[in-house]
Amino acid sequence: MSKDFHDQGPRRVGQVKEVTSLANPIIKDIKALTNKKSREESGTFLAEGLKLVIDAIELGWTIRTLVYAKAAKGKPLVEQMAARTVASGGLVLEVSEKVIASITRRDNPQMVVGIFEQRWKPLKDIRPREGETWVALDRVRDPGNLGTIIRTADAAGASGIILIGETTDPFSLETVRATMGSVFAVPVARATPEEFIAWRKSAGVCVVATHLAGAVDYRTIDYRKKPVVLLMGNEQSGLPDQLAGQADALARIPQQGRADSLNLAVATAVMLFEARRHLLLLAEGK
Ligand code: SAM
């Protein structure tokens, strides 16, 4: 990693640089963020598009570097974001279209890209309150599924996501794209299965696990008694007994036709909107 990239502390005076060479070490570091190892080492990730960058900054995420294509220069919102990046000690790069295309690996790239500090919610800080719904995902593998679930959790009014075991990275380019910006609005925590089991014992939650062999129709569950954690299984193998055994209810979404299961993100959406529907009815006094 280049020195410039590492030195983006909040106290550093921001600056604007013009870059046209793909060989520039800062550009190499930014491109490396497509690898999980580089994201972990730097604690940062890439978000593409002006709307996402504005949303992230408005929500208080720390921007380390703002990259924009020359064609976006002078646009009022781009200038505003550049000024805010500089004011918070970040770096602003004005680059050629060739450079921004190589960062995002797209032929028709977004004109603006932001590099932000990752944020993980510590599991111990999650104390679900009445009326909250959380989603716990066991070993989710597919970035598109995880991104869609984060976006859906945001839309359904869920409080956050807990990733259990070895999972795909919520800060990968593909996942962030699929969240459509919700990655900045939905807290994400991570835990081993053992940590999750220990946490659930003291968190005062009702764990509703979904399982193809579930005994309970998901529509008959009372989602209002306690804060709910919807526990969803891995795409290939479903929930292991170690986790399914922790559930207060094993729920099944009745299906017709020949499909043996629903896609994980679709099943999560069905569960989330049902759980939230019960809570909305309660809030409306019904
Ligand atoms: N072959 C896997 C299995 O045997 O569980 C299929 C996993 S499915 C693609 C991924 C997850 O979505 C499941 O573990 C479960 O959490 C949820 N799911 C999918 N369809 C479901 C259904 N009809 N009822 C309950 N949960 C379902």
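This briefing covers a ligand site and a strand sheet. The model is predicted: local features need pLDDT of at least 70, side-chain atom pairs count only at pLDDT 80 or more, and totals for chains, interfaces and linings use all residues. Residues are numbered from 1 along each chain as its sequence is written, and side-chain values use heavy atoms, with hydrogens and water left out.

**Around the ligand**

- Helices (H or I, at least four residues) and strands (E, at least two) are DSSP runs, numbered from the N terminus.

**Atom to atom**

- A side-chain N or O atom of Thr210 is 2.6 Å from a ligand oxygen.
- A backbone N or O atom of Gln236 lies 3.0 Å from a ligand nitrogen.
- Leu262 places a polar backbone atom 3.0 Å from a nitrogen of the ligand.

**The sheet**

- Seven strands form an open sheet in the order E8-E7-E6-E11-E9-E12-E10, with parallel pairing (at least two DSSP bridges between two strands).
- Strands E8 (188–191) and E10 (216–217) stand at the edges with a single partner each, so one side of each has no neighbour in the sheet.
- Strands E6 (residues 133–138) and E11 (residues 228–232) run parallel, joined by five bridges.
- Val135 stands opposite Leu230 in E11.

Terms used
Polar contact = N/O pair within 3.5 Å; in protein donor to acceptor, adjacent residues only side chain to side chain.
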